[in-house]
Amino acid sequence: MTLRLRTAVSVLTPSAPAPASRLGAPDGGDDAVVEVGGTPDHEPDGQPAPTGHARLVDLLVDQVPEADTGPDLVLLAYARPEASGFKTVASYLNMRTGGDAHSLALCGQGLGAPFSAVRVAGAYERTGQSSKSLLAILDCAPADAADRPDASPADSGVLLTFDTGSGAGAVDTVVSVGSAELASRLAELVPEGGRLLVVLGPGGDPGAVPAQGADLHRASGEGHGTGVWSALVQHWTEWESAYPVVVLCDTDPGSDTSHLLVLRAAAE
Amino acid sequence: MITLEAVESFFPDRTVTVEERAAELGLNPAQTHMFRRIHGLDRMHYDPDLSLYDLVLPAARKALSQVDPRSVRYLIYCHALHGGRSVGPETAQDIKRLLGLENATTFALTQQNCAITLSAIDVAGTLLRADGDPEARALVVTGDKPRHRAAQLVMNTCVVGDGSASALVAWNGSGTAVRSFVTRTRGEFSDGMMSSPALIRAESEMRPRLMVEVMREAADRAGCTLDDIQVVIAPNPNTTLWQDTIKDEALRSKFFFDNIPRYSHCLASDVLINYVTLGEEKRFEPDRPAMFVAIGVGMTFSAMVFTPSSNTGGPRS
C-alpha cells in the first residue's frame with residue numbers, strides 16, 4: 001500500500017443541535033422524503049444553515065489548503081449516524097472539495113469505520129483507480145449528551161487527505177484483531193531502529209503495548225470514534241520526526257475488536 | 001475484472017395492490033389514481049410485520065449457498081436510507097453474525113441513496129483485487145425496511161415495497177463480468193427533497209443530460225456504444241421518472257420496466273432484483289453487453305456495463 005497521508009485537520013466544537021423546525025417528522029420518518037401532499041420545510045432562502053455532519057464538514061474544509069482539495073475519491077466515515085437522513089453529507093463533502101469525486105459513506109462498523117475507509121482508499125490507490133483521496137471522520141453528540149455522564153456534549157471531526165508515495169505518512173497496514181491477539185500484533189510492529197508509538201483510543205488496553213521499544217499516547221474520549229484521529233492531527237508533525245512507526249489503535253468495546261492503522265514516518 | 005458470481009432476490013409472501021397499499025397509507029383517491037395511471041404501479045410485496053433481517057437474510061443466504069462461507073472476506077451491507085432512525089449502527093454487524101460470517105470484514109455503505117448498490121459492487125471488487133486472492137469473495141447485501149409512513153412514500157412519486165437482493169462478488173471469477181463503472185455526484189443537490197424549489201427545478205433540467213453522459217461514458221469505457229447495449233437495468237421508482245430522464249425513445253426502449261408494476265420501488269435493491277428477474281426469465285443474451293444504471297437522491301448518477309455469462313440466463317429455447 002502506498003497511500004500517503006498528506007493533510008490532516010480536526011475540529012472539536014460544542015454541539016449545535018438542529019433547530020426544532022428541522023428535526024423532521026414527529027414520527028421520526030424523515031429520511032430524504034416528504035409526505036405525499038406535504039411541503040418541505042425550507043428556510044426563507046431555501047438554503048438552511050448546515051447542522052450536524054454538514055456543519056462539521058464546513059468547519060473542516062475551511063481549514064484545508066485549496067491545493068489539497070480536488071480528490072477523486074471522497075469517503076465519509078462515522079460510528080454513529082445522524083438521526084436525520086435528509087441531507088446526503090457525503091455528496092455535500094464531495095461538492096465542497098471539488099465535486100469530481102466518487103463519494104459515499106462508510107459506517108456500520110463502530111469505531112472500525114474510519115479504518116475500513118482507509119483500507120478502501122488504499123485499495124483504490126493500489127489498483128490505480130485513485131491518486132488523491134479524502135476521508136472525513138465525523139461524530140455528533142447525541143441530543144441528550146448534556147444530561148448523560150457518559151457522553152461528551154461536543155461534536156468532533158477529522159479530515160484527512162491522501163496522495164500516493166512512500167516516506168512520511170505512508171499507510172503500511174490496516175488490520176482488525178481480537179483483543180487476545182492485540183499485544184502480539186503490536187509487538188511485531190516494534191521497529192529494529194527507533195521506537196514504536198501506539199496511539200490508543202479510550203477503550204484500548206494499555207497492557208497490550210509492548211514494554212520494550214514502544215511508547216504510548218492515550219487519545220481523549222471527547223468524540224466517539226474520532227479520538228485517535230484527532231490525536232494524529234494534533235501531534236503528527238512531532239511524531240513523524242520522532243518515530244519510524246506510528247500505529248493508531250481503537251478498540252470497540254462491543255465487539256472486543258481492535259482496529260489498527262500502521263503509518264510509516266520520516267524517522268525511519 | 002469484477003465478476004458477479006451469484007445474485008439472488010427475496011420478497012415476503014404478502015402482496016398488495018397499489019390501491020390496498022394506498023389505503024394503508026391513507027392516500028386519497030386522486031393520489032391513488034396517480035400512482036396507478038400516471039406512475040405505472042400495480043402491486044407490490046409488503047409485510048408490516050417483517051423485520052429488516054427477515055427481509056435481507058434470505059437473499060443473502062441464497063447467494064452464499066454455492067460457496068464456502070470461509071471464502072467471504074468482505075460483507076458489505078448497503079442501504080439507501082441513511083438516517084439513524086431507519087438503520088441502526090449495529091445492523092451490518094448483526095447481518096454478519098446471523099449469516100455466520102464471523103471472519104468477514106463487515107461494514108455498511110450508504111449516502112448515495114438508491115445508487116449505492118453499484119458503488120458497493122465496485123468497492124467490493126476493488127478490495128478483492130487489491131488483496132489479490134482469486135478465491136476470496138465479497139457479499140453485497142441490499143435492503144431497506146422503512147418503518148415510518150413518510151419514508152414509505154418517497155418524493156411524492158414512489159411507494160416503497162418490500163424486496164431485497166444480494167450479490168456475491170469476485171475478482172476474475174467465472175460469473176457475469178463487470179466491464180466498466182462510472183459515477184458522478186452533484187453535491188449541490190445534497191439536500192434532496194429538502195432542496196429549494198429552484199434547485200429541484202434545476203435538478204430536473206440537469207438530470208436527463210447527466211444520466212445519458214454517464215451511460216455513454218460507461219459504454220465507452222467498456223469498449224462499446226449505447227447501441228450495443230442489450231438491456232438497461234434501472235431502479236423501479238415509477239415509469240414517469242424514466243420518461244422524464246431518458247428522452248430518446250430508442251434508448252428508453254432498452255430499459256427493463258416490467259418490475260415496476262410487479263414490485264414497485266425497493267430502493268437500492270431494485271437493480272439486483274431486476275437482474276435476477278431477467279436471468280430467471282432467460283432474457284439475457286450471453287456475452288452481449290448490458291448496463292445497470294442508477295440515480296440516487298442527493299444526487300448520484302451511476303452506470304455499470306456488464307456482460308452476462310452463459311450461465312446467467314440466456315434466451316428461452
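Trainee: Which domains does the assignment give for chain B?

Mentor: This is a predicted model. For chain B, the domain assignment gives domain 1 (2–171) and domain 2 (176–307). The C-alpha centres of these two domains of chain B are 17 Å apart.

Trainee: How many residues of domain 1 of chain B are in contact with domain 2 of chain B?

Mentor: Domain 1 of chain B brings 43 residues, and they contact 35 residues of domain 2 of chain B.

Trainee: How do I read the size of such an interface?

Mentor: Interface size is often given as the accessible area lost when the parts come together. Between domain 1 and domain 2 of chain B, about 3,300 Å² is buried. Carbon and sulfur atoms give 68% of that area. On the domain 1 side, B:L4, B:C114 and B:L118 supply 20% of the area buried against domain 2 of chain B, more than any other three residues.

Trainee: How many salt bridges and polar contacts cross between domain 1 and domain 2 of chain B?

Mentor: Between these domains of chain B there are zero salt bridges. Polar contacts link 12 residue pairs, both residues at pLDDT 80 or more. Several elements of chain B give two or more residues to the domain 1 side, including strand 1 (2–10), helix 5 and strand 9 (164–171). That side of domain 1 of chain B divides into 21 nonpolar, 16 polar and six charged residues.

Trainee: Now the chain pair. What area is buried between chain B and chain A?

Mentor: About 4,700 Å², with carbon and sulfur atoms giving 55%. B:R85, B:Q111 and B:M194 supply 17% of the area that chain B buries against chain A, more than any other three residues. The contact takes 56 residues from chain B and 55 residues from chain A.

Trainee: Which side chains meet in a salt bridge?

Mentor: The count between chain B and chain A is one. A:K87 and B:D191 form the salt bridge, at 2.9 Å, N to O.

Trainee: Which helix of chain B gives the largest share of the side that touches chain A?

Mentor: Helix 5 of chain B, with eight residues. The side of chain B that touches chain A holds 25 nonpolar, 25 polar and six charged residues.

Trainee: In which sense do strand 3 of chain A and strand 5 of chain B pair?

Mentor: Strand 3 (residues 102–107) of chain A pairs with strand 5 of chain B in the antiparallel sense, over three bridges.

Definitions and conventions. Residues are numbered from 1 along each chain as its sequence is written. Chains are lettered from A and ligands numbered from 1 in the order in which they are written. This is a predicted model: local features need pLDDT of at least 70, side-chain atom pairs count only at pLDDT 80 or more; totals for chains, interfaces and linings use all residues. Side-chain values use heavy atoms; hydrogens and water are left out. Contact means heavy atoms within 4.5 Å. Buried area is the accessible area (1.4 Å probe) that two parts lose on being put together, summed over both. A salt bridge is a side-chain nitrogen of Lys or Arg within 4 Å of a carboxyl oxygen of Asp or Glu. Helices (H or I, at least four residues) and strands (E, at least two) are DSSP runs, numbered from the N terminus. Ala, Val, Leu, Ile, Met, Phe, Trp, Tyr, Cys and Pro count as nonpolar, Asp, Glu, Lys and Arg as charged, and the others, Gly among them, as polar. Two strands pair if DSSP finds at least two bridges between them. Domain bounds come from an automatic or database domain assignment. A polar contact is a pair of N or O atoms within 3.5 Å; within protein, one must be able to donate a hydrogen and the other to accept it, and residues adjacent in sequence count only if both atoms are side-chain atoms.
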